[in-house]
Amino acid sequence: MQYLLDTSICVYFLRGKYDLDKIIKEKGIQNCFLSEITVIELRYGAENSSHPLKSHKAVDSFINGLSIIPIYGSIRLYAKEKVRLRKIGKPMHD
């Protein structure tokens, strides 16, 4: 099984919460992925922290070895699906 780690899970990992280091190791780092959006959000958080250099190094260390999934190829599909859902009365966001 493969896992797309969201930003919250990554932040919990970086903060040493919930034994995520063990869980990720158990699942296999080769089975864990990040989206480009998650990387952007982690970089923003690092830059906004009280110790940006230290935080960026922690992010670097964390993402090293993880596959980062690009989003550009899915942008058009996202837009079409969002419109389709809105038209049938099931918007993605309120």
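Me: What makes strand 1 and strand 2 a pair, and in which sense do they run?

Reply: Two strands pair if DSSP finds at least two bridges between them. Strand 1 and strand 2 (residues 32–35) have two bridges, in the parallel sense, so they meet that definition. Strands here are DSSP E runs of at least two residues, and helices are H or I runs of at least four, numbered from the N terminus. The model is predicted: local features need pLDDT of at least 70, side-chain atom pairs count only at pLDDT 80 or more, and totals for chains, interfaces and linings use all residues. Residues are numbered from 1 along each chain as its sequence is written, and side-chain values use heavy atoms, leaving out hydrogens and water.

Me: Which residue of strand 2 is the bridge partner of Leu4?

Reply: Phe33 is the partner.

Me: Why is Thr38 called buried?

Reply: Buried means under 20% relative accessible area, exposed over 50%, partly exposed in between (1.4 Å probe, protein chains only). Thr38 has 5%, and is therefore buried. Thr38 belongs to helix 3 (residues 36–48). Beyond four places in sequence, Thr38 is in contact (heavy atoms within 4.5 Å) with Leu5, Asp6, Thr7 and Cys10.

Me: What makes the pair of side chains His56 and Arg43 a polar contact?

Reply: A polar contact is a pair of N or O atoms within 3.5 Å; within protein, one must be able to donate a hydrogen and the other to accept it, and residues adjacent in sequence count only if both atoms are side-chain atoms. The two side chains make such a contact at 3.2 Å, so the distance falls within the limit. His56 sits in helix 4 (residues 52–63).
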